[in-house]
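Work through the exercises below with the sequence and the coordinates open. Each one sets a task and then gives a solution in steps.

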Amino acid sequence: MAALVVRDLAVRVGDKLVLQDVDLELAPARIHALMGPNGSGKSTLALALAGHPAYAVVRGQALLEGQDLLPLPPEARARAGLLVAFQNPPEVEGVKLREFLRLACAERGQGFCEFQKAFPLALARLRLQDFRDRELNVGFSGGEKKRAELLQLYLLRPKVALLDEPDSGVDVDALKLIAEVIREMAEAGTAVLLITHNPRLLTYLPPAQVFVLLDGRIAECGGPELACKIGEEGFEVVRR
Amino acid sequence: MRPQGARLSREFVERLSWEKGEPAWMREHRLRCLAIFEKLPMPRFGPDLSALDLADLTYYARPVEPVRSWEELPEELRRTFQALGLPEAEQRALAGLGAQVDSEEVYRSLLAELRAKGVVFTSMERAVREFPEVREYFMRVIPPEDNKFAALHGAVWSGGTFIWVPEGVEVEIPLQAYYRMQTEGVGQFEHTLILAEPGSSLHYIEGCSAPRYSRASLHSGMVEIVAKEGARVRFTTIQNWSRNVYNLNNKRAWAYAGARVDWVSGSLGSRVTMLYPTTVLLGKGAATENLSFTFAQEGMWLDTGARAIHRAPDTSSRLVARSVVQGRATSVFRGTIHVAPEARGAKAHMECSTLLLSPEARTETIPVVRAETDEVELGHEATVGRVSQEQLFYLRSRGLDEAQALSLIVNGFVSPILKEIPWEYALELRRLLEMSFEKAVA
């Protein structure tokens with residue numbers, strides 16, 4: 001059974017219809033890719049599924065293990081098991097990374113002792129040992145923000161992870177680390193959707209399935225070879 | 001005295017003095033204050049006080065007789081004090097405790113060992129009759145000419161505490177007073193005078209609350225502190241007055257050479273608060289720290305501030321304020337640092353940060369820094385932040401609801417101040433914050 005089924009989704013921002021006729025299925029323990037040029041609606045899809053108030057769902061369904069997420073507030077979607085790693089997470093002054101994650105883990109039903117054990121391990125895994133008491137994303141470099149997003153998902157163990165450009169602004173070493181952690185998450189059962197317009201990440205993490213988003217619609221859907229083709233020839237392949 | 005009769009008049013003031021069995025000097029002082037009150041104008045700055053009808057207040061109420069143990073209190077009040085955790089705190093964390101309802105004290109206790117060391121912790125009325133030192137200092141630190149509400153207080157004060165800490169005695173556990181306004185439309189005017197002899201130390205905590213009524217009531221207390229050479233006094237106030245209370249206070253300290261006076265103020269309630277604790281640094285090397293936390297919610301105007309007056313060399317002051325504003329509310333911080341010509345080598349630092357939780361929230365910071373010598377180190381910073389929708393959504397997208405997200409952000413913002421507050425109060429503050437977010441979100 002699919003972890004997430006999106007059916008006939010249409011999303012409006014202001015007066016503009018940004019997504020329509022979006023259908024996709026994500027399988028547990030699998031890596032999927034959502035590709036598309038800038039402005040094609042990739043981030044909109046992730047944020048709309050997470051429940052961002054600026055993105056109005058016009059129609060459609062998003063079933064997480066059969067439960068429609070779209071009528072739920074953002075926190076209930078997260079508690080149900082859908083999490084987004086943000087492309088540009090905001091800085092939140094005064095809120096310590098540790099304090100925040102402790103609360104979030106508790107909401108996902110993880111006990112305090114479990115968190116006490118898991119948190120230092122996760123920090124070490126993402127090479128963020130010095131960030132334990134830092135304020136959430138405050139003064140983090142681009143690459144550090146990406147790792148901190150992944151740290152959160154790694155600890156919160158979502159059923160569905162939507163990773164919005166986890167590779168942008170990241171150096172080669174960190175890219176390998178990020179790829180390893182994502183692979184681990186998938187192996188542990190998470191349905192992963194990698195959102196990217198850059199095929200380089202996909203050479204580290206070959207996706208089982210590739211969706212291509214053009215002008216707010218799923219224009220093409222295929223196996224890993226589709227990512228290779230786009231890597232070589234660009235999105236023109238799909239447009240034709 | 002019956003409440004109906006307790007309207008403001010010369011006759012009332014004379015009767016109040018007579019019933020309290022006061023010496024003539026206090027009776028004259030009251031009448032002089034009344035005359036000054038009648039001459040002085042209402043404050044010409046800050047919040048709107050037009051809904052406060054001074055002619056309509058009850059200036060004296062004594063709904064409860066004093067008791068020797070909590071059990072003797074009327075059931076309802078006993079439950080209130082229990083819910084506030086007073087009897088428990090008295091057992092566990094306090095060296096002494098006084099509780100006042102409306103105009104009179106209802107309960108007071110002090111550890112025997114402190115009494116044995118000569119510490120005096122008694123009602124202001126008794127102190128006026130029995131301690132000659134009181135006459136020397138009573139409303140000398142804050143004279144009635146200072147402002148209309150200081151003068152009003154001087155005329156009608158009732159209740160409050162006198163504390164005298166003998167030379168070299170360190171009171172290690174805090175003393176506490178609790179003020180409750182119970183009667184509708186009442187005015188509460190307790191007077192607190194603290195004399196800390198050379199080398200002594202004291203931490204005093206005040207808590208305040210009231211049930212909510214539709215009629216306005218007035219709390220206009222006065223606190224005077226005299227910290228002699230090398231003494232240390234810390235004065236903590238946490239007020240959670242209900243939304244019909246006008247909380248217009250006067251608090252001032254004199255710090256002699258090497259003395260230190262710290263003010264910690266948490267303002268969470270009231271309809272209007274005007275509160276500007278002041279330290280006058282009179283002796284070489286005297287120091288003061290003033291920490292203020294305000295949480296202004298829908299319909300409130302919290303006008304707070306801090307003043308440090310440097311009148312001696314090598315004195316130092318640090319004024320720190322954190323304000324959170326939610327809904328249609330106003331928070332104003334007035335910080336004054338004045339360095340007199342003789343205060344060479346003074347150091348003063350002021351910082352004020354505000355966090356706005358709603359688009360309608362209003363804030364203003366009014367710093368006044370005047371240095372009359374060049375040999376001075378001054379620092380000043382002010383910031384205003386706003387919780388953005390992006391931040392809220394981000395935290396919610398990780399599974400926190402809006403109330404949790406807000407209280408996480410606000411707790412982080414105020415934590416530098418909460419660290420300075422006794423932990424029971426810090427806990428209570430956090431709880432109040434969380435409750436108000438749950439309410440606001442619902």
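The model is predicted.

**Exercise 1. Describe how α9(B) and α10(B) pack, and state the handedness of their crossing.**

Solution.
- Step 1: locate the helices. In chain B, α9 covers residues 389-396 and α10 covers residues 402-418.
- Step 2: take the geometry. The two axes lie 9 Å apart, at an angle of about 115 degrees. The crossing of α9(B) and α10(B) is right-handed.
- Step 3: list the residues that meet. α9(B) brings B:Q391, B:L392, B:L395 and B:R396, and α10(B) brings B:E402, B:A405, B:L408 and B:I409.
- Step 4: sort this contact by class. Five of its residues are nonpolar, one is polar and two are charged.

**Exercise 2. Find which residues have the most contacts inside the largest nonpolar core, and which element gives the largest share of this core.**

Solution.
- Step 1: the largest nonpolar core has 218 residues.
- Step 2: the residues with the most contacts inside this core are A:V192, A:L194, B:I194, B:A227, B:V233 and B:A255.
- Step 3: α10(B) gives the largest share, nine residues.
- Step 4: check the domains of chain B. Domain 1 (3-275) and domain 2 (389-442) each supply at least three residues to this core.
- Step 5: take A:V192 as a case. Apart from neighbours within four places in sequence, A:V192 is in contact with A:I31, A:H32, A:A161, A:L163, A:I182, A:M185 and A:A186.

As background, nonpolar side chains in soluble globular proteins tend to be buried together.

**Exercise 3. Characterise the side of chain A that touches chain B, by element and by residue class.**

Solution.
- Step 1: count the residues. Chain A puts 23 residues into the contact and chain B puts in 19 residues.
- Step 2: find the elements on the side of chain A. Those that give two or more residues are α2 (74-80), α3 (97-107) and α5 (142-156).
- Step 3: classify that side of chain A. It has 14 nonpolar, three polar and six charged residues.

**Exercise 4. State which residues of α3(A) are buried, what covers them, and how α3(A) crosses α5(A).**

Solution.
- Step 1: the buried residues in α3(A) are A:L97, A:F100, A:L101, A:L103, A:A104 and A:C105.
- Step 2: their cover includes α4 (112-125) and α5 of chain A, and also α10 of chain B.
- Step 3: the axes of α3(A) and α5(A) come within 10 Å and cross at roughly 35 degrees. This crossing of α3(A) and α5(A) is right-handed.
- Step 4: on α3(A) the contact is made by A:L101, A:A104 and A:C105, and on α5(A) by A:Q152, A:L155 and A:L156. By class these are five nonpolar, one polar and no charged residues.
- Step 5: look past the helix. A:G109 follows α3(A) and has a positive phi, near 85 degrees.

**Exercise 5. Give the distance between the centres of the two domains of chain B and describe the side of domain 1 that touches domain 2.**

Solution.
- Step 1: the domain assignment of chain B gives domain 1 (3-275) and domain 2 (389-442).
- Step 2: over C-alpha atoms, the centres of these domains of chain B are 31 Å apart.
- Step 3: ten residues of domain 1 of chain B are in contact with seven residues of domain 2 of chain B.
- Step 4: on the side of domain 1, β11 (232-240) and β14 (260-267) of chain B each supply at least two residues. β11(B) gives the most, with three residues.
- Step 5: by class, this side of domain 1 of chain B has seven nonpolar, three polar and no charged residues.

**Exercise 6. Decide whether A:D8 and B:D314 are buried, partly exposed or exposed, and give the phi of each.**

Solution.
- Step 1: A:D8 lies in strand β1 (residues 4-13) of chain A. Its phi is positive, about 50 degrees, although A:D8 is not a glycine.
- Step 2: A:D8 has 12 other C-beta atoms within 10 Å, so A:D8 is exposed.
- Step 3: B:D314 sits in the loop between β18 (301-310) and β19 (316-325) of chain B. The phi of B:D314 is also positive, near 55 degrees.
- Step 4: B:D314 counts as partly exposed because it has 19 C-beta neighbours inside 10 Å.

Technical notes. Residues are numbered from 1 along each chain as its sequence is written. Chains are lettered from A and ligands numbered from 1 in the order in which they are written. This is a predicted model: local features need pLDDT of at least 70, side-chain atom pairs count only at pLDDT 80 or more; totals for chains, interfaces and linings use all residues. Axes are lines fitted to C-alpha atoms, for helices over the stretch in contact, and angles run from 0 to 180 degrees between N-to-C directions. Helices (H or I, at least four residues) and strands (E, at least two) are DSSP runs, numbered from the N terminus. A crossing is left-handed if the near helix is turned anticlockwise from the far one by less than a right angle, and right-handed if clockwise. Two residues are in contact if their C-beta atoms, placed from the backbone, lie within 7 Å. Ala, Val, Leu, Ile, Met, Phe, Trp, Tyr, Cys and Pro count as nonpolar, Asp, Glu, Lys and Arg as charged, and the others, Gly among them, as polar. A nonpolar core is a set of buried Ala, Val, Leu, Ile, Met, Phe, Trp, Tyr and Cys residues joined through C-beta atoms within 7 Å. A residue is buried if 20 or more other C-beta atoms lie within 10 Å of its own, exposed if 12 or fewer, and partly exposed in between; C-beta atoms are placed from the backbone. Domain bounds come from an automatic or database domain assignment.
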